[in-house]
Structures are given as C-alpha cells and as structure tokens.
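Dear colleague,

I am handing over the structure below, and after it I set out what was found. Please read the notes with the structure open beside them.

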Amino acid sequence: MSRPEHPAGERAWPDAAAGDALVPGERPRRTSPLVVLVHTATFRQARQAVPALIPVAAVVGLGDGLTTVVVLAVAVTLLSLATAALSWWRFSYADRATAVVVTRGLLARSVRTVPNDRIRGVEVEAPPLHRLLGLVRVRIDAAAGSVGTNEEELVVDGVPRAEGDRLRARLLSRRPAAADGPGPDGPGQPAEEEIARLSPRWLLYAPLVGSYLVVPVAAVGTLVRLLQELPDAVVPDLAGPEPSAGLVVAVLVAAVPLLALTAVVGAAVVNWRYRLVRRGGSLVAVRGLLTRRHTELEVDRIRGGTLSEGLGMRWVRAARVNALVTGLGQANRRGQLLPLGPRTEALRLLGRLVEDPGPLTGHPPAALRRRLARALTAGLLVTAGGVWTTAAAGGWPVLVAGVVLTLLGVPMGIGRFRALGHRAGPRSFSVRSGWLVREQAVLQRRAVVGWQVRQSPLQRRAGLATVLACVGAGSGGYAAVDMAAADVPGFTTAASSGSWAETLAPR
C-alpha cells in the first residue's frame, strides 16, 4: 500500500527504517493527567462545541430561569471535561534520535514528525493554572508547517517542569544527551553569560509602545460603553443626550495618566524579571509574572536583527530589538531580545548579534519628492472636496480638515524620507524605512537567498528603484525603498556572497 506524500521536514509514518530509531528508554510519552483540569477550566477543547448547546437548549424548551443557567453550566463543564480527557488520552509525543513525533486526534489521527535539524527554537511557558499544578507548556518552532496550514510549531501542553526542561535541553543541545550531565541545571551545562537585563525604569517607556496600549484603550472603550448603558439616575451626565463639557474634559484628563499607568503595569506583567543570557550555543530569554516564559534560540541560526523605534519611542531615544532566526518566521514574541529599553542599549545588543555595517547612506532627493507627493495627496483631495462643499452648501468643516491634513502631510513626508537608508559592509548590510514605526534590519550577507528589484513607471521616470533582500528569516524580505537605480548593482553585489547580483540592475 502506498503512503501519502508529505512536505520536506515532515513524515506522517515515522519508523526505524527512515532513521527515526528510538533513543534507548525514549518511548512515546503522555502528558500529565493534571492538564485535563487545565483544559476543562479554560474550555480549550470544547470551545467549538459549546455554541451547539444553545440551539439544543432552545429545541428542548428550557426557560430563562436559574434552573436553565445551572443546567447549561453543568452541561458545558461536563462537555469540556469529556473533550479534555479524550484529547489527553489520544495525545502522545516522543523525542527520538533524529526527530520529534507528536500524535493526536480521536477520529482523524494526526502523526507529525519534525527532524531535529528543522527545529529553530524552543519556548517553555507556564501560565498561572499550569504553575499552580506544577506544569509547563513546551512550544517547538519548526521550519516547516503542516500540510495545508500555517502551523510552524509543535505544542506539548501539560508536562512537569522537569520534563519540560529536559525536552528543551534535549532538542537544542548539540551534544549527545548523555554528555549534557544530569539536567538543565546540572554541572554538565555551560556557564551563563548575561547579555541584557530589563531595568525597572525602562518600563516607563511602555506608554509610548502601541502594543502595550491596545488592552487599556480597549478597556476604556468598554467602560465608556457600559456607562452609556447605565440608567440616567446612576450616571446622568453620560447617559443624557448632551453631556456637560466639563465632565468630558475631566474624563479625558483622567484617562491619560490612567492609560499610561495601565500600559506600565501591562509591560511589567509581560516582561517581569526579564533576562537574556548566552548559555553555550544558545540565547535564553526568561520573562513573565503571571505566565513565566523560557525561550531559547540557537546562536548559529541567528542571521541578524531588527531595531524598531515607534514615533513616541524616538522622542525619548528608546528602541526594541528582535532576532532574525532562520525558519522562525514572524514569531516576534519568541525572537524578541529586548522588549523595550534605551536606544544605546538596543544598539549594543544588536551589535552582539551581527556586525555593524556602518552609517546608513541616504536616498536621493527624488525619494523626498515621492514621499511628499504621497503624504499630501489625501489632504489635497479633502481640501478640494471642502472647497466644493463650501461653495455649494457651506461645508467649511471639510475644508478645515483638508487644510489640516495637508499641513500635517509635510512633516510626515519629510519624516518618511529621513527614515530611508541602506548600507553594505564587509560581512553585513542594513536597510531602514518607516515613519510611525521605523525599523532598521541588519542582516548577515549569508542570509540572502535572492534579490528582487521593483520599479513602477513613476519610479523609473524618477530614476529610483525598490530593492528587496529575500531571506529565510523574519518576515522573509527587507526592502531598501526608493534608492537610486544606479546604486542597485553596487549595493546588491556588496550585500551578497557572490557577483551574481550584478545582473539585477534595473533596465
């Protein structure tokens, strides 16, 4: 009987003949039975089945009283418990000599095999319920996903802490398991070198980072919506048709420090006691207050890094650093090496990842004209519409909005132009772009797997081109936007390992 084909790096029929012989004593393992309690409490396995209970309850004819609520709660809990128990019973994993094998599924069985040389990183995390029961969740980043899906990781959920550390050390260690000593904390492990540690005062940068403001802004929106639904007797000014101007100003003034404080607290919870150390051939990042995460990346698979500076962070000279790891894709959280900190510290850390190619080369004035044209287009269109509406029906607010947008477009276009830059050094190269979030990518020359040069008709007329470096890490490509077309051959040649890049000159 023929076997189905699978993509490179995965096999659904592992056997000893294929080179996956079991390590002595390494039989397929089960996770801890305590994980059933975790999945039951979080409804992880029953989330898709719970909505089906609502039409069932309607057909049965249950009312809307307390009895119905109790019956539904019991039914949902039992359903969650049953699905969690079945999922645990049908799940197993094995770390073999050359691959990791994960088996799951009740009716449709899935056996996924990922060779060890395809593993790009391992993260051990302990959410609150897991920590309470002494369990962890192991996330294994693989270079190849499942057939027809975007999965890039294997998840082994609900193993004891010691087993999670053993699995992490086993998968990322270059040496045989017997040479590693007694365990991840034993004398056989190499000494640690601390590279970075989050200072508590760096948390004050959090209100300037958009990702830390998402949750508090959503919370404020929910609170405002809730207050609007309250009776007039409870909140008369907000519930009434015309809220007082004083109350609106007071709410806005109070919301600003509240949002800032919430962002700082959120950053502290996520990055509590953050440390980045080098342990042998790996970089290890540990962070988290409620959910403790232990992320490990192989140094030899790191091809560079990105320096990200939001608009607010640039005002206070702060930045973030992410590592670009082959096969890891856009796993920003796992590749994050400095969540937030001073720009000087970020540059120092980025210099540890990859050699600095030197100061960036600016782009020609034609790129400035393109940036200004794009930034001013929206404002000019709104202004033209405002002139027409003002003449027809007195719509002066549209005209004012158009003028404001046009005036704001000038500094925005200049800022976007100043962010552009590129540089090729002896062993690395760098490209930079962006305005609201300025990102500079510094990559090793060996990371490049190809180049793509793009020219629109307007770029060709202006003598510009956009050069995309195709790499097998991060987002997959990093662009030098609107650089001089005459500089393309020299840049691609200097940033590549071979002379073939000379053929990429625009024609």
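Strand E8 (residues 275-279) is joined by five bridges to strand E9 (residues 282-287), and the two run antiparallel; strands and helices here are DSSP runs, numbered from the N terminus, of at least two residues (E) for strands and at least four (H or I) for helices, and two strands pair if DSSP finds at least two bridges between them. This is a predicted model, in which local features need pLDDT of at least 70 and side-chain atom pairs count only at pLDDT 80 or more, while totals for chains, interfaces and linings use all residues. Residues are numbered from 1 along each chain as its sequence is written, and side-chain values use heavy atoms, with hydrogens and water left out.

Within this pairing, Val277 has Val284 in E9 as its bridge partner, and the two strands form a hairpin with two residues between them, where Gly280 in the turn has a positive phi of about 65°. E8 is also joined by five bridges to strand E7 (residues 192-197), again antiparallel, and there Ala196 has Leu276 as its bridge partner.

Leu276 is also among the residues that touch the most other members of the largest nonpolar core, which has 35 residues; such a core is a set of buried Ala, Val, Leu, Ile, Met, Phe, Trp, Tyr and Cys residues joined through side-chain atoms within 4.5 Å, buried meaning under 20% relative accessible area, with a 1.4 Å probe and protein chains only. E12 (318-325) gives the most to this core, with five residues.

Leu349 is in contact (heavy atoms within 4.5 Å) with Ile195, Leu276, Val321, Leu337 and Leu338, not counting residues up to four places away in sequence.

With best regards

Terms used: Buried < 20%, exposed > 50% of the residue type's maximum accessible area, 1.4 Å probe, protein only.
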